Amino acid sequence: MSRTAVYLDFAATTPIDPRVADAMQSCLAPGGTFANPASIHIAGRESAAAVEKARQHLADLFGADPRCLIWTSGATESDNLAIMGAASFRAHRGKHLITMPTEHKAVTDTFAHLEKSGYEVTWLEPDAEGLVAIDELESHFRDDTQLVSIMHVNNETGVIQDIQRIGEICRARDILFHTDAAQSAGKLPLDLGELPIDLLSLTAHKFYGPQGIGALYIADRPGCRVLPIMHGGGQERRLRPGSLPVHQIVGAGTAAEIARHEMSNDLAHAATLRDRLWQGIETVPDISRNGNAEHAYAGILNVSVQGVEGESLMLGLEPVCAASGSACNSTSGESSYVLRSLGRDDALAQSAIRFSFGRTTTKDEIDVAIERYHWAVDHLRSIAPSDRLVS
Amino acid sequence: MNTPTAYNEAVRRHFADPQHTGDLQEDYEQTLVADVSESLSGAHIVMSAGIRGGTIARMAYRVRGCPHLIAALELVCTTLQGQPLARLENFDSADITQELSIPAEKTGRILLLEDALATLWAQYASTED
């Protein structure tokens, strides 16, 4: 990354914590813990021990039984395994599933695939602030409903869903509840010993671990199982075949251990930065926050502004690295489907910028973002046609 | 959320310091104005051409659009100023596309620019009829 870059895209991925890198290096260095953990020789057993230690660290982060955690390549694979695996396991009971259009593509595309395969999917619309209405969710329950998948923290808006309540009403009807916790794992408290969650997806690179490693939590209770979607080995309870990447797993475990100890400090830091950023830009005319501001993860601030095109806004923001709601590379030219689900029109969705920050973000970096945002909006409005909105 | 495409130096220069934005202030023999937009991407162009002695004396534009479109408008204005009016007809944006390294998925935005020029020409032609 350029030295001048101001990285405010932690929701996309976080930098690896140096302590995580050190732990991974201990595996990768000569004489390190590199052997296949499935091997029964001494080196293999050392690797297996490292894998199980990391699994325990991850379980400790969530108050979970480590035997309930399956290593995967990340949240996308976890989502696929959870949704397709649970739907398959429960197919003999019924084929009705429920999710939301504001989920990550890893979820929506998987449900769309199941729809084409004979399942019936109810797409539950959020309110204008991105929250699901619990009573409306309940009204869609049917005798053949087998799975509900609703994310914990939305990756674009940071909106937090009430997964406690959702889990309760699902469990009361013996409906499996899956949540994509890619944006909350390691960042918000999640006690799987208490929360009525059956399936939970996570990835390490969102909480200062390495990319390419994640996990799926599968609750140990009757009727809660998934069928494998890949075949070829007996690893991970035969649910996720393939040789385990020891160095990545050790990195994920170390990141989880660090997160468990530093989560409250990280959260307070993020809240301070978010408030500083919003206070610095809320004076921009016609700016608005996307998503419910009260029920939101502090590490994400998503804003739209009228009369400004998103891709140009992104270039004007440089050297700030944030995420845009415009589909700059897309041939469709479509704006964020999440923001349009919240009722934003194309122009507002196009102008959206998601700022996300974390452990290493400084107040000075936030101040750069404030200064660049003002400059970019002023610059682009100065060259825009006088009627800002195009119908 | 999505990641923006890379921009070459020409795009960055024109984006940061455009020279032809605004409205035409002087009196010309004829002032042509085109207003074109495309709702899906939100792009909107208002382009003006001041005509004097059968020549494009001055061009200006206002735009809401991506950096490539802003840079393309700058290049078009620079290219056409001082040129005979007939250059507006069937303007070929291939050179601009190449100079700015405009990716294929942005073709629609450039076509919008060509629409603006075609509108200017049509406006001129209608007054000559």
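1. Glu236 of chain A lies in the loop that links strand S8 (214-218) to helix H7 (246-281) of chain A, in what is a predicted model. Although Glu236(A) is not a glycine, its phi is positive, at about 50 degrees. Glu236(A) is partly exposed, because 18 other C-beta atoms lie within 10 Å, whereas a buried residue would need 20 or more.

2. Asp286(A) is a residue other than glycine with a positive phi, here near 65 degrees. With 15 other C-beta atoms within 10 Å, Asp286(A) is partly exposed.

3. The peptide bond that runs from Glu318(A) to Pro319(A) is cis, and its omega is near 20 degrees. Pro319(A) belongs to the loop between helix H8 (310-317) and strand S11 (320-321) of chain A, which is where a reader may wish to look in the structure above.

4. Strand S5 (residues 145-149) of chain A is mostly covered, with five of its five residues buried. S5(A) pairs in the parallel sense with strand S3 (residues 96-99) of chain A over four bridges, and Ser149(A) in S5(A) is the bridge partner of Thr99(A). S5(A) also pairs with strand S6 (residues 176-180) of chain A, again in the parallel sense, over three bridges, and in S6(A) the bridge partner of Ser149(A) is His178(A). Between S5(A) and S6(A) the chain passes through helix H6 (residues 163-172) of chain A, forming a right-handed β-α-β crossover.

5. Chain A also has an open sheet of four strands, with antiparallel pairing and the order S9-S10-S13-S12. Strands S9 (287-289) and S12 (323-324) of chain A are at the edges and have a single partner strand each, so one side of each is left without a neighbour in the sheet. Strand S10 (residues 300-305) and strand S13 (residues 353-356) of chain A pair in the antiparallel sense over four bridges, and Arg354(A) in S13(A) is the bridge partner of Asn302(A).

6. In chain B, the axes of helix H2 (residues 67-80) and helix H4 (residues 107-128) come within 10 Å and cross at roughly 35 degrees, and this crossing of H2(B) and H4(B) is right-handed. On the H2(B) side the contact involves His68(B), Leu69(B), Ala72(B), Leu73(B) and Val76(B), which meet Arg109(B), Ile110(B) and Leu113(B) in H4(B). Classed by residue type, the contact of H2(B) with H4(B) has six nonpolar, one polar and one charged residues.

Terms used: Residues are numbered from 1 along each chain as its sequence is written. Chains are lettered from A and ligands numbered from 1 in the order in which they are written. This is a predicted model: local features need pLDDT of at least 70, side-chain atom pairs count only at pLDDT 80 or more; totals for chains, interfaces and linings use all residues. A residue is buried if 20 or more other C-beta atoms lie within 10 Å of its own, exposed if 12 or fewer, and partly exposed in between; C-beta atoms are placed from the backbone. Helices (H or I, at least four residues) and strands (E, at least two) are DSSP runs, numbered from the N terminus. Two strands pair if DSSP finds at least two bridges between them. A crossover is right-handed if, with the strands pointing away from the viewer, the path from the first strand over the helix to the second runs clockwise. Axes are lines fitted to C-alpha atoms, for helices over the stretch in contact, and angles run from 0 to 180 degrees between N-to-C directions. A crossing is left-handed if the near helix is turned anticlockwise from the far one by less than a right angle, and right-handed if clockwise. Two residues are in contact if their C-beta atoms, placed from the backbone, lie within 7 Å. Ala, Val, Leu, Ile, Met, Phe, Trp, Tyr, Cys and Pro count as nonpolar, Asp, Glu, Lys and Arg as charged, and the others, Gly among them, as polar.
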